[in-house]
Structures are given as structure tokens and as C-alpha cells.
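Have the viewer ready and follow along.

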Amino acid sequence: MSVRTPDPDWNPDDDPAVRPPANPGWLTDLELAEVRGRLPLLYVEAVPVRVDGIGQVTEAGVLLRANSVGEITRTLVSGRVMYGETIRDALFRHLEKDLGPMAFPLLPASPVPFAVAEYFPLPGISPFTDERQHAVSLAYVVPVTGTCEPRQDALEVTWMTPEEAVSAGVAAEMEGGRGVLLTQALASVGAIR
């Protein structure tokens, strides 16, 4: 007996005859494109920060990377949450992927984000845009204590004072409206007024 909740246009003959992949957390490029066109995807984002001895933010880290059309932009640590993965594990995986294994992030004791950002493919619905998809992102401020050496597609991590990080110039370089998210992050920890 199936307990599957059927889609409106589903019929019993539609069940796939193909076995699921060995690692269901990963999608092929074709599967990802199809899913992006039909469902919102869950992401995590992190603003890496350096803190002083009493826990006040002294610097914020922003990634420099080349986007899909070859433009150099600034962004935050971010990535998808895989099927079966906890928010904490996804956050740690993306921090390590973007900042390197020696960054030593201090994950929050509670996985409650400072903000939930909703990205839409069309501008104007929210301050955040992503032309590929509709995505929902849980955003965190994460102190890092180690050495950050970006991996994957990040070119460098630029450390800035909170005031520099929320400047109009940096916001203009941030992709998808992430300058707004960076300002919200630093305001949530009292680093800016």
C-alpha cells in the first residue's frame, strides 16, 4: 500500500521504473534545472566574522568570485541543503567549502537564523534575486577563528570593518541583493547602528 501523496496530475502508472540514485542528496544538472523550475530550494548563508575577546564583531568576511557570466562580484558563504542533511551540517559544509578547512567556524548553539531571505527569479518581489530559481535561505552570522583560504569558486575572502562592509560601494558589488543581507547580519549582532 502506497502512502505517497499524489500530485494532481499523477496516476499509478507514472511510478518510475528507475532506481533512485545511490546518494539521493545530489542531483544531476538536468534534475537540478527541472527542480529549480518547479520548487523553491532551501539554502543556508553565512556571514563569517572575526570577534574580539568579548565577542564583539570587529570584521566581516565577504567572498570575491566570478559569476556565471564572468563578472567579478562579492557574495556570502552560501549553498543548498541536501536531502537528509541537517541545517548545522549544511552550514558547516559550505563554510568549509568556501573558507577552507582551517577556518575553524564556531557554529551557533541554536540553529535559529538571524534572517530568512527569499530569492525570486524576477526582481521587485523582495530585495533578493536569483535568476535561476526561487530559493529560501536561512542566514547566520558565524565567527571564524582560523585561517581562511577560499576553495571552490571563491577567489578570496576580503575582511572589512562593519562600517566598510555596509558601505554603498560594497553593496553595489554584492550579487542578488546580498548587501541588504550583510547589513541585516551586522545589525543583528550590534556591529552597526
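## What covers helix 2

Strand 1 (41-51), strand 2 (57-66), strand 4 (77-80), strand 6 and strand 7 (154-160) are among what covers the buried residues of helix 2. Here, helices (H or I, at least four residues) and strands (E, at least two) are DSSP runs, numbered from the N terminus. Contact means heavy atoms within 4.5 Å, and buried means under 20% relative accessible area, exposed over 50%, partly exposed in between (1.4 Å probe, protein chains only).

A word on the source: this is a predicted model, where local features need pLDDT of at least 70, side-chain atom pairs count only at pLDDT 80 or more, and totals for chains, interfaces and linings use all residues. Residues are numbered from 1 along each chain as its sequence is written, and side-chain values use heavy atoms, with hydrogens and water left out.

## One face of the helix

Which residues of helix 2 are buried? They are Ala90, Leu91, His94, Leu95, Lys97, Asp98 and Leu99. Looking down the axis of helix 2, you'd find them within an arc of 165 degrees (taken from the directions from the helix axis to the C-beta atoms), so they line one face of the helix.

## A spot in strand 6

Now hop over to Val141, in strand 6 (residues 135-143). Val141 counts as buried because its relative accessibility is 17%. Leaving out residues up to four places away in sequence, Val141 touches Val47, Val49, Phe114, Ala185, Ser188 and Val189.
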